Amino acid sequence: MNRLAHKTAIITGAARGMGAATARLFAAEGARLVLGDVLDAEGEALARELGPAAFFRHHDVADEASWSALLGEATSRFGGVDILINNAGVLLMKGLMDISKQEFERILGINLVGSFLGIKAVAPQLIARGAGSIVNISSVDGLKGTNAMGAYASSKWGLRGLTKVAAMELGPRGVRVNSVHPGGIATPMTTHPNPSPEVEAGTRRYFKTMPLGRMGIADEVAHVNLFLASDDASYVSGAEIAVDGGMSIGPYYMSQPGAPKLD
Ligand SMILES: NC(=O)c1ccc[n+]([C@@H]2O[C@H](COP(=O)([O-])OP(=O)(O)OC[C@H]3O[C@@H](n4cnc5c(N)ncnc54)[C@H](O)[C@@H]3O)[C@@H](O)[C@H]2O)c1
């Protein structure tokens, strides 16, 4: 309870999925919230739900001017920022030979450059306060290789690397920086609104080959974000935490003894 009392957090990509789950949990823990996204209707609705301690602004993480506007308003409304959750992201599933240069740059521009711009915008305030926490939402695809994820995995491996450098540079100034690596979380990014029975069965079979055997939910990532954002993680910096049901350690060899039965 109240683990984020008197703290202000910026959450990017907050309109839905893990960003929205993180916003709801942070609000319940007493945080003031600055919610950014390019999905205005969903973002406004979430801010209304959370009440006066939260506001939403249209915010494109890939646009530097958008960052200074958001930070300016956060500072005038709430007196500054303590926490940055670099959560906004986009997915592209295409083979390397089929990805255009524009597509590759777009994915990097949002997932990697967007987080860099966020750190650059917010870090001076955190340094001035001598405290703060930055959480970069990378991916299981920032820990391993997956076919058809060339642009996405490049952005998420980049974000993992950026996290290490930021933790190194900002640590002596009191600011912690960590990366979270979700995998297989049911959100609008990964799930079809009306999946066919075949797709549902295929998904179930796929996750059966993973250690925890199921998809995760956005709340399960939000709780890890809360830990890293809060003073509970006061000695945690430069860490990478997989929230992927064990996906990044690899699939079962289904022919080996003890592997789960697929139906
Ligand atoms: N769902 C998963 O299994 C999974 C796995 C690994 C990593 N992730 C990462 O988690 C983060 C959240 O994803 P999610 O699953 O909740 O997906 P989601 O699509 O529900 O949410 C992503 C949000 O980012 C916003 N966004 C996209 N481009 C933006 C931009 N330029 N500026 C600001 N906001 C923008 C979207 O509008 C959306 O609201 C992403 O970084 C994603 O890559 C998700």
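User: Which residues of β2 point one way, and which the other way?
Analyst: In this predicted model, the residues of β2 are divided between two directions, and all are buried. L33, L35 and D37 point one way. The other way point R32, V34 and G36.

User: Why is strand β2 largely enclosed by the rest of the structure?
Analyst: A residue is buried if 20 or more other C-beta atoms lie within 10 Å of its own. Strand β2 covers residues 32–37. It is largely enclosed because the residues of β2 that are buried number six of the six.

User: Which residue of β3 stands opposite L35?
Analyst: The pairing of β2 with β3 is parallel and has five bridges. The residue of β3 opposite L35 is F56. From β2 to β3 the chain crosses through helix α2, residues 40–50, and this β-α-β crossover is right-handed.

User: In what order do the seven strands form the open sheet, and which strands stand at the edges?
Analyst: The sheet is open, its pairing is parallel, and its order is β3-β2-β1-β4-β5-β6-β9. Two strands have a single partner strand each, so one side of each is left without a neighbour in the sheet. On average, neighbouring strands are turned by 15° against each other, direction ignored. The edge strands are β3 (54–58) and β9 (240–243).

User: What angle does the direction of helix α7 make with that of β6?
Analyst: β6, residues 175–182, pairs with β9 in the parallel sense over four bridges, and S179 stands opposite E240 in β9. Helix α7, residues 218–229, packs on the sheet and touches β1, β4, β5, β6 and β9. The angle between the directions of α7 and β6 is about 165°.

User: Which element gives the largest share of the shell around the ligand?
Analyst: There are 31 residues around the ligand, and G13, G17, G89, T187 and M189 come nearest. The elements giving two or more residues to this shell are α1 and β2. The largest share is three residues, and the element that gives it is α1.

User: How many residues of the shell around the ligand are charged?
Analyst: The shell has 15 nonpolar residues and 13 polar residues. Its charged residues number three.

Key. Residues numbered from 1 in each chain as written. Predicted model: local features only at pLDDT ≥ 70, side-chain atom pairs only at ≥ 80, totals over all residues. Pairing = 2+ DSSP bridges. Axes fitted to C-alpha atoms, helices over the stretch in contact; angles between N-to-C directions. Contact = placed C-beta atoms within 7 Å. Buried ≥ 20, exposed ≤ 12 C-beta atoms within 10 Å, placed from the backbone. Right-handed = clockwise from strand over helix to strand, strands pointing away. Near = placed C-beta within 6 Å. Nonpolar A, V, L, I, M, F, W, Y, C, P; charged D, E, K, R; others polar.
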